[in-house]
Amino acid sequence: NAEYMGNKERQVTGIAKKRAEYCDLVADYYSKDDRGETETQIYRQIKVDIPRTNPGYAFFQHPRVQLLMERALYVWAVRHPASGYVQGMNDLITPFIVVFLTPRIDGPIDTVDIDKVSDSELADVEADSYWCLNKVLADIQDHYTFGQPGIQRMVTRLKDIVKRIDEPLYEHMVSNGLDLLHVCFRWMICILVREFPMPCVVRLWDTYIAEQAEGFSSFHVYVCAVFLVYWSPQLKQMDFQQMMLFMQKFPTSKWKAQDVETLLAEAYVLKSLFHAAPKHLASAT
């Protein structure tokens, strides 16, 4: 109908405008020759991190994709000096690259031949991925500012929830000297990108985006709590060193979207119990 067509036209126009705006940002920030000391440090760190990004997908090692990521991450970091670039941000752009690249290829994403993707298509993937990353980081920027108060706050809440729903596991970790901050820091910095296969990450983030501003912050904590407690039977049989090794690489390589949907459903239950009534958590501490 006419309303749908009008909305579609506005969407197409809006996307084209944002893509053009991103091209201007690249010209203003990335392409200039006179980088200052801080900008040079940002650039060097991004160059170090990008080759380590998602080794499970060969196309992330392709020079064209690495240059795409380098530009997008550098532009974001220079435009946000309060945090700049923090290791782990390179992981956060990968789900968006996968989502925007998939419609432009034939066959599965893990075997894509990047050389068959045109420059203009890859430029659109880069711009769209940048703006999505920008939106996500806008909601969680205090994860990455000095002292990382957002992460400190989320880990404290995670401890409270785990103690409430699985006190034996919580006490086992405490008695073995395991601090959740050390274990779950990566979960908060990288939003579980390194813990799941990419299709699972895309499914998870789809729900986070639907939750809007709370998805990548408060709701994420409930997902982390459910994910940790899922492994409770194994963890309670382990000592400190065994737990640390196990939690550095959970056996999730065979997980499917349905497994993530189960986590999400349980996380919604926790949120309904605790989120509106934090006194429940306070009484457990």
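**A walk through the helices**

P51 is a partly exposed residue, with a relative accessible area of 39%. Some words on burial before going on: buried means under 20% relative accessible area, exposed means over 50%, and partly exposed is what falls in between, using a 1.4 Å probe and protein chains only. What you are looking at is a predicted model, in which local features need pLDDT of at least 70 and side-chain atom pairs count only at pLDDT 80 or more, while totals for chains, interfaces and linings use all residues. Residues are numbered from 1 along each chain as its sequence is written, and side-chain values use heavy atoms, with hydrogens and water left out.

Back to P51, then. You'll find P51 in the loop between helix 2 and helix 3. Helices here are DSSP runs (H or I, at least four residues), numbered from the N terminus. Setting aside its neighbours within four places in sequence, P51 is in contact with Q61 and Q66, where contact means heavy atoms within 4.5 Å. There's also H62, which is 11 residues from P51 in sequence and 9.2 Å from it in space, C-alpha to C-alpha.

How do helix 2 and helix 3 cross? The axes of helix 2 (residues 37-49) and helix 3 (residues 63-79) come within 10 Å and cross at roughly 145°. Those axes are lines fitted to C-alpha atoms, for helices over the stretch in contact, and the angles run from 0 to 180 degrees between N-to-C directions. The crossing of helix 2 and helix 3 is right-handed; a crossing gets that name if the near helix is turned clockwise from the far one by less than a right angle, and is left-handed if anticlockwise. From helix 2, the residues E39, I42, Y43, I46 and K47 meet E70, L73, Y74, A77 and V78 of helix 3. This contact of helix 2 with helix 3 is made of 7 nonpolar, no polar and 3 charged residues. In that tally, Ala, Val, Leu, Ile, Met, Phe, Trp, Tyr, Cys and Pro count as nonpolar, Asp, Glu, Lys and Arg as charged, and the others, Gly among them, as polar.

A salt bridge is a side-chain nitrogen of Lys or Arg within 4 Å of a carboxyl oxygen of Asp or Glu. Side chains of opposite charge can pair when their charged atoms come close. E39 is buried at 16%, whereas K32 is partly exposed at 29%.

How many salt bridges does the structure hold? There are 16. One of them joins the side chains of D124 and R19 (3.4 Å, N to O). D124 is partly exposed, at 23% relative accessibility. Another salt bridge is formed by E214 and K271, whose closest N and O atoms are 3.6 Å apart. Here too distant parts of the chain are linked: E214 sits in the loop between helix 10 (198-210) and helix 11 (215-230), K271 in helix 14 (residues 257-274), 57 residues apart. E214 is partly exposed, at 35%, and K271 is buried, at 17%. Shared partners also join R19, D124 and D128 into one network of salt bridges.

Next stop is helix 8 (residues 167-175), where L169, Y170, H172 and M173 are buried. Down the axis of helix 8, its buried residues fall within an arc of 160°, so they line one face of the helix. The arc is that of the directions from the helix axis to the C-beta atoms. On the other side of helix 8, P168 and S175 are exposed. Covering the buried residues are, among others, helix 7 (149-165), helix 9 (180-190), helix 11, helix 12 and helix 13 (240-248).

L235 belongs to helix 12 (residues 232-235) and is buried, at 0% relative accessibility. Beyond its neighbours within four places in sequence, L235 is in contact with L169, H172, L228, M243, F246 and M247. H172 is 63 residues from L235 along the chain, yet their C-alpha atoms are separated by 8.5 Å.

Finally, a look at two loops. Q148, in the loop between helix 6 and helix 7, has a positive phi of about 45° although it is not a glycine. L192, in the loop between helix 9 and helix 10, isn't a glycine either, and its phi is positive at about 70°. L192 is buried, at 0% relative accessibility.
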